[in-house]
Amino acid sequence: MKKIVLIICTTLSLNLSAQNVVSLQADKGSEIINKNIYGHFAEHLGHCIYGGLYVGDNNTKIPNKEGIRLDVLDALKKLKVPVLRWPGGCFADTYHWKDGIGPKDKRPSMLNVWWGNVKEDNSFGTNEFLNMCEMLGAEPYLSGNVGSGTPQELSDWVKYTIHPNGSSPMPDLRQQNGRANPWHVKYWGIGNEAWGCGGNMKPEYYANIYRQYATFMTNGDPKEKIFRIASGASDADYNWTEVLMRDIPHNMLDAVGVHHYSVIEWGKKGPATNFTEEEYYTTMQRALQMEELVSRHSAVMDKYDPKKRVAMAVDEWGGWYDVEPGTNGAFLYQQNTMRDAMIAGTTLNIFNNHCDRVKMANLAQIVNVLQAVILTNDEKIILTPTYHVMEMYNIHQDATMLPISVTSNDYKMGKEKLKAISASASKDKSGVTHISLVNIDANKEQEVSVNINGANYTAVSGRILTSDKIQNYNSFENPNKVKPTTFTGASLNGSALKIKLPPYSVVVLELK
Ligand code: AHR
């Protein structure tokens, strides 16, 4: 009898551990993970720009260079931010760039009508943004005003920023404003959320407008190719993508956007920190929906562009909750917990695995807004769990994606279930392989067996981000509560790699 019980137990445990199986094709990589998948987004919203990135040149004790705060800049450099989208968001379609150039005391003010009707004094404008991108080593992505601007205004912006000296009045104006040589600006958005805050347009109408605006955006130097990005669909609006791909000639279309936020319900978003497991589960359902969105928008794009010349840019993504109690409701300031680390880890795995089509993504937003990587409070800053995931994953930037398949246990909530494990892998230029794994299960450790095909690794090491509560976060009082540590839960035996992933953990392994 004892023997039978033992056999049943052994079989059960074998079955359980056999459920999380990852297969890695270490010699089958052909696509590059575009580093721009690790991009960010900065809008004139709340304290993203003012107080977050920029503190002005006068009267501040916060160390800065030309008004850009150095603590934030240094932290962002460690992330290797590849591309930064600006000035919105909804703000972009109200923004007139000429208000933000020239002597600061002559710049007109405006009301920021989307974000709390606060005064925007335009002290942070084109020169400040583009100079900051140079300090950061990030490529700028400018979002043009289509909703309330004109083709002339956008065409002038292109000329002001990238046309050679002496070629027209705009480069002359740039020179008058202290910048002789053009900046390098490759990425241009033609409007933002044209279906909503960018003008409430229908896709057919927007496609026509896009064609008109794109026509007058000319590169001054033939070597500087402009990369034009169409304002993309909200979530599962596949018809929007279909119409754009059908109606815009592909020689004037380099990418189509997609926006998707992990929000429980627009009218009932729930708190950023004090959430229940049900709320966590629903947030993860929304986050993991990205897999279906990317696959189905890609399938629509494949119909018109089977060679995948037109990229997908998921130029807004991230978790969206209620603002922190006592803060301005229009400023979208929220804390960032291990839940956000789970969103970041799983979403980046999805983008990595779809890098044949997804060439850019921009987390919303970089500082103090929504799923920020940095929060500031006067002279203090904290790095959020999302920051740490972005930093751990930056080894995938411009590496070759290695195909990986995952058979996962379920993370269950009542009658519903999600896959507990998510993974992606890449090989960098020096031949080192990295696997990033996430266990979203809020309660159970998951054992994962990785079958390695096509490589003989002899050493494994790694880092882990986890904490003892899914609600844990870094605060100004306790800034290092959640931070990466050395991972000791992996063992390698020939082509078999065994990993133990604690509940809600993100692990990045290095295999040599
Ligand atoms: O990121 C906040 C807002 O969300 C952006 O301004 C807008 O594009 C989106 O709806």
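Residues are numbered from 1 along each chain as its sequence is written. In this predicted model, local features need pLDDT of at least 70 and side-chain atom pairs count only at pLDDT 80 or more, while totals for chains, interfaces and linings use all residues; side-chain values use heavy atoms, with hydrogens and water left out.

The shell around the ligand includes Phe41, Trp115, Asn192, Glu193, Tyr261, Glu316, Trp320 and Gln365 (each with a heavy atom within 4 Å of the ligand). Six residues of this shell are nonpolar, three are polar and three are charged, with Tyr and Cys counted as nonpolar and Gly as polar. Of the 280 Å² of accessible area (Shrake-Rupley method, 1.4 Å probe) that the ligand has on its own, the protein covers 93%.

An automatic or database assignment divides the chain into domain 1 (20–25 + 403–511) and domain 2 (35–397). Their C-alpha centres are 29 Å apart, and 42 residues of domain 1 contact 38 residues of domain 2 (heavy atoms within 4.5 Å). Together the domains bury about 3,200 Å² (accessible area lost on being put together, 1.4 Å probe, summed over both), 67% of it on carbon and sulfur atoms. On the domain 1 side, Met413, Ile470 and Phe476 lose the most area to domain 2, together 21% of what that side buries. One salt bridge (side-chain nitrogen of Lys or Arg within 4 Å of a carboxyl oxygen of Asp or Glu) is counted between the domains.

How values were computed
Buried area = accessible area lost by both parts, 1.4 Å probe.
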